[in-house]
Amino acid sequence: MMRVEFFLLIAALLFTIGCVGVLVRRNAIVILMCIELMLNAVNLTFAAFAHEGQSMTGHVFVFFVMTVAAAEAAVGLAIVIALFRRRRTTDIDDASLMRW
């Protein structure tokens with residue numbers, strides 16, 4: 001049986017990798033993937049605490065986070081596709097202007 005500290009350590013590692021990716025990378029698609037990584041780290045934390053506490057509250061939060069992640073992916077990819085069609089790049093420095 002694995003302890004909850006192991007899952008929290010893995011979640012912290014995943015969240016850190018995602019946070020560094022968002023802060024360092026300039027590609028919009030990579031940034032979206034790093035945000036998904038951070039959301040999955042949060043899901044792992046919720047699931048670990050739900051398992052430890054033998055309650056369904058964490059699982060419900062995981063469901064809501066997955067819903068938000070799906071909406072974020074849909075909207076984010078639509079923005080990236082629109083940016084790529086206009087500028088032929090996914091670099092976020094080129095998307096800094098609101099007027100195209």
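This report walks through a predicted model, its confidence, its contacts and a few residues worth a look.

## How to read the model

Residues are numbered from 1 along each chain as its sequence is written. Because this is a predicted model, local features need pLDDT of at least 70, side-chain atom pairs count only at pLDDT 80 or more, and totals for chains, interfaces and linings use all residues, while side-chain values use heavy atoms, with hydrogens and water left out.

The confidence score here is pLDDT, the predictor's confidence in each residue, from 0 to 100. The chain has a mean pLDDT of 91, and 96% of its residues reach 70 or more. Among the helices (DSSP runs of H or I, at least four residues, numbered from the N terminus; strands are runs of E, at least two), helix 1 (residues 4–24) has the highest confidence, at 96, and helix 3 (residues 57–87) the lowest, at a mean of 92. As a reading tip, where pLDDT is low, the predicted coordinates should not be read in detail.

## Salt bridges

How many salt bridges does the structure hold? There are 2 of them, where a salt bridge is a side-chain nitrogen of Lys or Arg within 4 Å of a carboxyl oxygen of Asp or Glu. One of them pairs Arg3 with Glu5, and the closest N and O atoms are 3.0 Å apart. Arg3 is exposed, with a relative accessible area of 58%, and Glu5 counts as partly exposed at 42%. These words have set limits: buried means under 20% relative accessible area, exposed over 50%, and partly exposed in between (1.4 Å probe, protein chains only).

Arg26 and Asp93 form a salt bridge too, with their closest N and O atoms 3.3 Å apart. This pair links distant parts of the chain: Arg26 sits in the loop between helix 1 and helix 2, Asp93 in the segment after helix 3, and 67 residues separate them. Arg26 is partly exposed because its relative accessible area is 37%, and Asp93 is partly exposed as well, at 42%.

## The segment after helix 3

Thr90 also belongs to the segment after helix 3. Is Thr90 buried or exposed? With a relative accessibility of 16%, Thr90 counts as buried. Setting aside residues up to four places away in sequence, Thr90 touches Arg26, Asn27, Ala28, Ile29, Val80, Leu83 and Phe84; contact here means heavy atoms within 4.5 Å.

Although Arg88 is not a glycine, its phi is positive, at about 60°. Arg88 counts as exposed, because its relative accessibility is 62%.

Ile35 is partly exposed, with a relative accessible area of 27%. Beyond its neighbours within four places in sequence, Ile35 is in contact with Val22 and Glu72. Ile35 and Gly21 are 14 residues apart in sequence, and their C-alpha atoms are 8.5 Å apart in space.

Thr45 is in helix 2 as well, and is partly exposed at 23% relative accessible area. Which residues does Thr45 touch, not counting residues up to four places away in sequence? They are Leu8 and Ala11. Thr45 and Ala11 are 34 residues apart in sequence, yet 6.2 Å apart from C-alpha to C-alpha.

The loop between helix 2 and helix 3 holds Gln54. Gln54 has a positive phi of about 55° although it is not a glycine, and at 64% relative accessibility it counts as exposed.

## Cysteines

The structure holds 0 disulfides, a disulfide being a pair of cysteine sulfur atoms within 2.5 Å. Cys19 is in no disulfide, and its nearest cysteine sulfur, that of Cys34, is 9.4 Å away. Cys19 is partly exposed, with a relative accessible area of 31%, whereas Cys34 counts as buried at 10%.

## A nonpolar patch

Met56, Val60, Phe61, Phe63 and Phe64 make a nonpolar surface patch of about 550 Å². Patches are made of residues with over 30% relative accessible area and no salt bridge, with like charges joined within 9 Å and nonpolar side chains (Val, Leu, Ile, Met, Phe, Trp, Tyr) within 5 Å. Accessible areas come from the Shrake-Rupley method with a 1.4 Å probe, and for residues only the protein chains shown count as cover. Phe64, one of the patch residues, is in helix 3.
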